[in-house]
Amino acid sequence: MSKADLDKLVAQFPSAIVSTHSKCGDDTAVIRSENLLDVMRWLKGSLGFDFLVDLTAVDYLGRDPRFEVVYHLRSMQSGSRLRVKVQVACVEDGPNPTVDSVVAIWPAANWQEREVWDMFGIKFAGHPDLRRVLMYEEFIGHPLRKDYPKEKRQPLIRRDYSME
Amino acid sequence: MAHSPPSNSGQAARTGTSTGPQKMVFGMPTPDEIVSGAARELRSRPQFPPGFGEGQDADDDAPLPTEPMTINMGPSHPAMHGTVRIILTVDGETVKEADVQVGYLHRCFEKEAEYATYTQVFPYTDRLNYVSPLLNNVGFAMAAEKLLGISDKIPERAQFIRVIVGEISRITDHLTCVGASGMEVGAFTPFLWMIKCREWLWELLEELTGARLTHSYVRIGGVAADLTDNFSARLREVLAKCREAMVDVEKLIVKNRIFRDRMDGVAVISAEEAIAYGWTGPCLRSTGVPYDVRKDHPYLVYDRFDFDVPVGSTGDNYDRFAVRMEEIRQSMRILEQAMEQIPAGPFKLDDPRISMPPKSQVYNTIEGMIGHFKQIVDGVKIPPSEAYSYTEGGNGELGFYLVSDGTGRPYRCHVRAPCFILMQSVPKLIIGSGVADIIPTFGMINMIGGECDR
Amino acid sequence: MAENYTTTLESALNWARKYSLFSYPFVTACCGMEYMATAASKYDIARFGAEFPRFSPRQADLLFVVGTITEKQAPALHRIWVQMAEPKYVVAFGVCASTGGFYQNYNTVPGCDQIVPVDVYIPGCPPRPEQVLDGLILLQKKIQDGTTWVQRRDRGEKHGGEWVTPRARQPGHLPIIS
């Protein structure tokens, strides 16, 4: 049933689809970022994907486009699941990569988009309150990017041992 | 010392402002009036400052002027569930705005997972939802097996064992949630009884896995060790005792006026809003939506068991509590059926690329030793792919999105944390209610810091 | 060789203090579950006099740092410790609070002794309640002998001379520790 939904998506938006696959049993569609909002609205409105399960991103360092924002959707009526991916390019030392926000479609995306901004530095246009959620505001950098070292700490406070 | 006529000072101290309607009920008599005996008359008559009540609304019910106050709650607070900071703007006792800030336990699970082999990630998954660690273990193992494509090759005994330990973990999760929430609204005895039940279950799991809380028992391809010989008998004993304790707890709090007043009708959410906000698990089921991953997308051997999914009606705190209590009973049903139906057989998939060879081979054969070495150093090599696998965690749909790149370490491991998504709608639940309603709401959402912040 | 640093009056005071510890459980993570188990009826911590958790630092004298301390949480921990009235003792409960545990990443403080001075470290992930009680008994012994951080600082020993300098909370002014 998810495969049927995937086929309907491909039929409805043939120009927006970059590729599809069903590896490991998950039906996936990679779409272009400019068509994101149209596709998402159609998926919610016509195909009944009213539940946004998960919103995350992956950093494929060394590949262009570098980031992929991944949406997992579910239809509460039929139980079918779909994964939609959007590839986002990132310019070195340039402005943050930007994607349209789906908060207006699924309010569940609010904090998940904030987390993607926090961890990867991908901005969401139209998000009501895009600020860091897991890290503190003074933190510089986006930790889940592959070029952020795992142990690079930016401490807010430390003990002063100079008196010993 | 002359006593001036009643001034604004008392009224200003009461409201914090110096403007507003003058309200003074009794005035202090001057010393002359005391001496002259007129004080007795004065005391019986209210004294008003001159000009009072003229041209003003002398209505006693007019509200005093107030300003909203910003209070910080957390990040260290008595609610035992997790470390979270809520910046509240309150008007009197009513919450006007709430800014929930999480991340105080962000231990970088996703970054650590990229540097650890698949088997080394299991201890990190224990510490995600640390009250039901085996459910996280099972979720991650299933994600890795989905990537490998061996989900249907896991031995049946291993699947039954995963279901059994998973359901025990779910019971401990709900026991802790109900007990701690009860304690937060003042019911300390049920807390002690639920912790007592939890101790029995932890002792059982300690016999089986070696640890009380952070078991790391599940492996890719099965589980780490077989069930102990007397596991079935001990489990039956423990479940019988837990059932009695639960009856006792219900006698104490279900009809208790204080508990019901604090939980009934508090933090109500409708089913449509809950779905829009991404709710899953007992919280979603309390609004009336019967979505349970074990029933809707059966995994492991859940389709062989006969159990019900408790569903609430109003979506308030009491429904969440009741759904959790009933889920404990349904988990016990599953456990009894699982212990009857469990077959004999291997507890781990016997594939040298995936599971470690038994120690007798490691120490006696060269293949075993090399296999062991490669497993530890390189890990389970999974060909490049991506998979999202979902199970029913203690709080809802616990999903693991794994991307592999051909090495033995995940390229990306993302956890779909159910209570992270629940927490984003907490402002919606508490705005408009009193400050005291935050505590039972927060308790019944069951936010576990390790899972929310990962 | 344990020298007896305390006078008779101090011995009596220390005896009273050690058997009436009011703990502030600064609970963050999984060790909180073992703290609950230690405080509950099976591994009763009340037998040792340390029953009441006082959820205000002003009313507590023992800071139980339970669980992982992250960089985001650290200023709050320091503030709570500063707000406690003396004499105050700190117990690092669990391996994350002692040394950072097996978390070595950008948000985990490698041990709460980077933030507050610690008297007793209780290792374990999470420590069994018996280990916690062992640590508590060790703390009680230290209080009686006068070898806790506050007591050594009051005697002017060099070990007790440190204090904390909070760094300015402005972006770009944070030191980078790799």
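In the predicted model, Leu300(B) counts as buried because 20 C-beta neighbours lie inside 10 Å, and 20 is the number at which a residue is classed as buried. The phi angle of Leu300(B) is near 45°, a positive value in a residue other than glycine. Leu300(B) is found in the loop between α13 (293-296) and α14 (317-341) of chain B. Cys108(B) likewise is not a glycine and has a positive phi, of about 55°. The loop that holds Cys108(B) runs between β3 (94-101) and α4 (109-115) of chain B. With 25 other C-beta atoms within 10 Å, Cys108(B) is buried. Most residues other than glycine have a negative phi, and most peptide bonds are trans.

Cis peptide bonds occur in chains A and C. In chain A, the bond from Asp64(A) to Pro65(A) is cis, with omega near 10°. Pro65(A) lies in the loop between β3 (51-59) and β4 (67-74) of chain A. In chain C, the bond from Cys125(C) to Pro126(C) is cis, with omega near -10°. Pro126(C) is placed in the loop between β4 (120-122) and α5 (129-145) of chain C.

Chain A contains three helices and eight strands. Read from the N terminus, the elements of chain A follow the order α-β-β-α-β-β-β-β-α-β-β. The C-alpha trace of chain A spans about 70 × 30 × 30 Å along its principal axes. Of the 164 residues of chain A, 42% count as buried. Among the contacts in chain A with a separation of 6 or more, 47% are between residues 24 or more positions apart.

Five strands of chain A form an open sheet of mixed pairing, in the order β1-β2-β5-β4-β3. The edges of the sheet are β1 (17-21) and β3 of chain A, each of which pairs on one side only. Neighbouring strands of this sheet are turned against each other by 20° on average, direction ignored. Strands of a sheet pair through backbone hydrogen bonds, either parallel or antiparallel. The pairing of β1(A) with β2 (residues 28-31) of chain A is antiparallel and extends over four bridges. Within this pair, Ile17(A) of the sheet stands opposite Ile31(A) in β2(A). Helix α1 (residues 2-12) of chain A packs on the sheet and touches β1, β2 and β5 (81-88) of chain A. The direction of α1(A) makes about 40° with that of β5(A). Helix α3 (residues 109-120) of chain A also packs on the sheet, where it touches β3 and β4 of chain A. The direction of α3(A) makes about 5° with that of β3(A).

Two helix pairs of chain B were examined. Two packed helices are described by the angle between their axes and the distance between the axes. The axes of α8 (residues 188-209) and α9 (residues 231-253) of chain B come within 9 Å and cross at roughly 170°. This crossing angle makes α8(B) roughly antiparallel to α9(B), because angles over 145 degrees are classed in this way. Residues of α8(B) in the contact include Trp193(B), Met194(B), Trp200(B) and Leu204(B), and those of α9(B) include Phe231(B), Leu235(B), Val238(B) and Leu252(B). The residues of this contact divide into 16 nonpolar, one polar and four charged.

The axes of α6 (residues 133-148) and α7 (residues 156-184) of chain B come within 7 Å and cross at roughly 140°. The contact is made by Pro133(B), Leu134(B), Leu135(B) and Val138(B) of α6(B) and by Arg162(B), Val165(B), Gly166(B), Ser169(B) and Arg170(B) of α7(B). These residues divide into five nonpolar, two polar and two charged.

The contact between chains B and C takes 27 residues from chain B and 29 residues from chain C. On the side of chain C that touches chain B, β1 (23-27), α2 (31-39) and α3 (74-83) of chain C each supply at least two residues. The largest share of this side, five residues, comes from α2(C). By residue type, the side of chain C that touches chain B comprises 16 nonpolar, nine polar and four charged residues.

Technical notes
Residues numbered from 1 in each chain as written. Chains lettered and ligands numbered in written order. Predicted model: local features only at pLDDT ≥ 70, side-chain atom pairs only at ≥ 80, totals over all residues. Buried ≥ 20, exposed ≤ 12 C-beta atoms within 10 Å, placed from the backbone. Contact = placed C-beta atoms within 7 Å. Nonpolar A, V, L, I, M, F, W, Y, C, P; charged D, E, K, R; others polar. Pairing = 2+ DSSP bridges. Axes fitted to C-alpha atoms, helices over the stretch in contact; angles between N-to-C directions. Parallel < 35°, antiparallel > 145°, perpendicular 65-115°, else oblique.
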